[in-house]
Amino acid sequence: MKDTNFLKKNNARHLWHPMAHPADSLANPPDIIVGAEGVEIVDVDGHRSVDAVGGLWNVNLGYSCAPVKQAIADQLDKLPYYSIFRGTSNDAVIELSWMLKEFFEPDGLTRAFFTSGGSDSVEVSLRLARQYHKLRGAAGRVKFLSFKKGYHGTHTLGASVNGNANFRAAYEPLMPGCYHIPAPYTYRNPFNETDPAKLAQLCLAALEDEIGFQGAETIAAFIMEPILGAGGVIPPHESLMPGVREICSKHGILLIADEVITAFGRTGSWTGSRHWGVQPDLLCSAKAITNGYFPFGAVMVSGAVAEVFEGDMSGKGAIGSGYTYSGHPVGAAAAIACLRETERLQVKDNAAARGAQLFRGLQTLMQKHEMVGDIRGGHGLMCALELVSERASKAPADKKTIGRVHRATYENGAMIRVSGNNIILSPPLVVTEGDVDRILAALDIGLAAAA
Ligand SMILES: Cc1ncc(COP(=O)(O)O)c(C=O)c1O
């Protein structure tokens, strides 16, 4: 391994960082993370901090999950790769598909289609939705609906249903036929409605209106995160997702739950859909499926959708999607071990308890720091603080101020994620009460330092 001087000198010089401006990465070199243990990360200078980002919403079991590491090592020795394209399979992926069927049974999902990550899962789910309608003789159903503020990865179809301009504008024109519904975002919305239940009804009415305008017979699917995540952690009122389910069913539109961050316990329930008592038609997963240790994902398919594909005798049910790394045996082995550990530890319960503690702590910080305009959370370990320069006007805090919060919080022991004027917190689901206190204490200092 090269020494510290080499790493610092070459930091960001020969690589472009995702979701970053290359010039900004050169001007403000990224923190170089060289180690991790438990729920802590260690940088090149030996500075340790609690990882309140949880990798990128994926390291749910922390960095020292021995069973997953061992499963990866063992599988590399046994079968490091083989494709599962037509005609071959592997033992790990068969076992995993059985385990996922059991895990997602309460969500009504019975089949898995494997991918290399979240964006792939989204892309595949949207493609399968169109194919499903073609198989049923409704070839005109090609459009997609989604929420503004939704994040669905960065492939072109995913970016087209994405509800944040940041991930769209530079890459336009995107796919035609994708339309957006106002988000259930009480802090800012076009209806000027702060009551979550009323806002949910207004969003549902907007959805009905758009379906009427487009024509239900032209719409393939509605894709949504059960709790909007990367768009700033926006938990909806409990009536929203059931309302979307009802409207979709009424109009023959498939409901795709994008659970790339919410599957496997983050919301305090095993899935975000289950959290709201909804069964989707398709579910996108990735990230925590291997605890982030191997790039892997799965689209889960409901029994009813599966029947349409499996009952097809025309040949049109053949799936023309797939990746070299779909069903990778090392990823599958990692996922098997991860799922066992996830269930053994019942991490959803800790996510609920520690999430409540974190949200309570943020409420106290909001009382103390004028800069905090809104806090969101209350459903497991996903919370956000929205920073403003003035509470009355809700003008977003400027980049420099937010940068100072980030730096001071990091220096005081917690890694947090900045997204626009939001600070997003999504620590591993195995954090202790003491870890959450450390995150809150570091944030308190970070907010005070930037005031
Ligand atoms: C809800 C959601 N969908 C899709 C994605 C894309 O996943 P990936 O970055 O693994 O491609 C993400 C990533 O954060 C996500 O949060």
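**Exercise 1. The open sheet**

How many bridges join strand 2 (residues 40-43) to strand 3 (residues 48-51)? Describe the sheet that contains this pair.

*Solution.* The model is predicted: local features need pLDDT of at least 70, side-chain atom pairs count only at pLDDT 80 or more, and totals for chains, interfaces and linings use all residues. Residues are numbered from 1 along each chain as its sequence is written.

Step 1. Helices (H or I, at least four residues) and strands (E, at least two) are DSSP runs, numbered from the N terminus. Two strands pair if DSSP finds at least two bridges between them.

Step 2. Examine the pair. Strands 2 and 3 run antiparallel and are joined by three bridges. Ile 41 has Ser 49 of strand 3 as its bridge partner.

Step 3. An open sheet of four strands has the order 1-2-3-14, and its pairing is mixed. Strand 1 (33-37) and strand 14 (414-415) are the edge strands, each pairing on one side only.

**Exercise 2. Strand 10**

*Solution.* Step 1. Apply the burial criterion. A residue is buried if 20 or more other C-beta atoms lie within 10 Å of its own, exposed if 12 or fewer, and partly exposed in between, with C-beta atoms placed from the backbone. Six of the six residues of strand 10 (residues 297-302) are buried, so this strand is largely enclosed by the rest of the structure.

Step 1. Separate the two faces. In a regular strand, side chains alternate between the two faces of the sheet. In strand 10, Gly 297, Val 299 and Val 301 point one way, while Ala 298, Met 300 and Ser 302 point the other way.

Step 2. Find the partners. Strand 4 (residues 109-115) runs antiparallel to strand 10 and is joined to it by six bridges. Strand 9 (residues 282-285) is also antiparallel to strand 10, with four bridges. Val 301 stands opposite Arg 111, and Val 301 is also the bridge partner of Leu 282.

**Exercise 3. The ligand shell**

Describe the surroundings of the ligand.

*Solution.* Step 1. A residue is near a molecule if its C-beta atom, placed from the backbone, lies within 6 Å of it. 15 residues surround the ligand, and the closest are Gly 117, Gly 118, Ser 119, Gly 153 and Val 260.

Step 1. Helix 6 (residues 118-135) provides the largest share of this shell, three residues.

**Exercise 4. A helix pair**

Characterise the packing of helix 4 against helix 12.

*Solution.* Helix 4 (residues 66-78) and helix 12 (residues 329-345) pack at an angle of about 155 degrees, with their axes 8 Å apart. Axes are lines fitted to C-alpha atoms, for helices over the stretch in contact, and angles run from 0 to 180 degrees between N-to-C directions. Helix 4 is therefore roughly antiparallel to helix 12; angles under 35 degrees count as roughly parallel, over 145 as roughly antiparallel, 65 to 115 as roughly perpendicular and the rest as oblique.
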